[in-house]
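This report concerns a predicted model.

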Amino acid sequence: MRQAIICGKWKLPITVPLGSEAGLPKQKRSYLHYISEHGDLVAAKCLATEWLLSSVERAFTVREYFGGVGIVSTIVRNLLAPHSHIISELSAICVEQLKGAFTKKTEVVRQQDARQAMLGPEECRLHILDFPTFTLLHAKTKWSAQLASIFSTRAPYVILTDTAASYIHVTKKRYSEVTGADIKNMDDYTMAFSCELHKAYGYSITRAAYRGRNAAYYLLQPGLCGTIVSTSFPVRGSEHAFIIE
C-alpha cells in the first residue's frame, strides 16, 4: 500500500489504485487523477490549508463536503483532533479511499452529493467547503441556497476554496460591476467578496491563503472583519509538502 506524506509530517494511506484517468472526460475524473497529475499544486494547497487551520481552536466538530482523497481531512485530524469529523464525497472510488484511510470512531465517511448535503448541514463548529470550481459569482447563483443553509448554522468557522484567481485578469471588470468595488487584483477581490458575504450572511473573511495564481483558501468567521490576514504559497518551492511514496 502506498502513502502520501502531507506537509512533510503526516501520513495519508493510499488504499486504492493510484493512476492517471486521462482517458476519461474531465467531469468524470476523480481527485485521484488530480493528485497523480498535479502533485505540485496539491503540495501548495497542503501548506495553505495548514496555515489556515493553525488559527482554529482544537477538539471540536468538523464537517467536510468535498472529501476528495483525504488530504484536507489528514490536516484536520492532526491539527484539530476533532471529536466528531464527518467527511462526504460523491466519487465512489474516493469514498473507498476515504473509508480505508479514516477509520477512527470519531470519523464518519459518507457518499453524498455536496449540493444536497449542504442543504441539510449538521451543527458543527467548522464547515469545510473545498469547492473544485467556485467564485463570487457562483456564490450568488448556483451555490446560493447551499451557502445560505451553511451560514444559517452560525458555525464559528467556515473554510471555502475560491478559484477566481485563475482568470482574475479577465473577469475583474465583471466582479467590479457585481460588487461596486474597484477590483484590480486578488486582494481587492478578496475584500469585495468579504463585504458581499457579510452583507448576505453576516460572515467575513478573516484569513486568506493564496496558492500560486490559481486558487485562494478563505477562513470565514461571523461578524464584520476589518483587516484580512493573508499570505501566499507559491507552487514552486512547496513540493516537499506532498510526496507519494
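## A buried leucine

L136 is buried, at 1% relative accessible area (buried means under 20%, with a 1.4 Å probe and protein chains only). This residue lies in helix α6, residues 136-140 (helices are DSSP runs of H or I of at least four residues, numbered from the N terminus). Beyond its neighbours within four places in sequence, L136 is in contact with D162, Y175, V178, T179, Y189, F193 and E196 (heavy atoms within 4.5 Å).

## Helices α8 and α9

The axes of α8 (residues 168-179) and α9 (residues 186-201) come within 11 Å and cross at roughly 30°; axes are lines fitted to C-alpha atoms over the stretch in contact, with angles from 0 to 180 degrees between N-to-C directions. Therefore α8 is roughly parallel to α9 (angles under 35 degrees). In this pair, I168, Y175 and T179 of α8 meet M186, Y189, A192 and E196 of α9.

## Nonpolar cores

The largest nonpolar core has 44 residues, of which I6, L12, C46, I71, L126 and F242 touch the most other members. Such a core is a set of buried Ala, Val, Leu, Ile, Met, Phe, Trp, Tyr and Cys residues joined through side-chain atoms within 4.5 Å. Helix α2 (residues 39-53) gives the most to this core, with eight residues. A second, separate core of 37 residues includes A117, F131, A165 and Y201.

## Basis of the values

Residues are numbered from 1 along each chain as its sequence is written, and side-chain values use heavy atoms, leaving out hydrogens and water. In this predicted model, local features need pLDDT of at least 70 and side-chain atom pairs count only at pLDDT 80 or more, while totals for chains, interfaces and linings use all residues.

Technical notes:
Buried means under 20% relative accessible area, exposed over 50%, partly exposed in between (1.4 Å probe, protein chains only). Helices (H or I, at least four residues) and strands (E, at least two) are DSSP runs, numbered from the N terminus. Angles under 35 degrees count as roughly parallel, over 145 as roughly antiparallel, 65 to 115 as roughly perpendicular and the rest as oblique.
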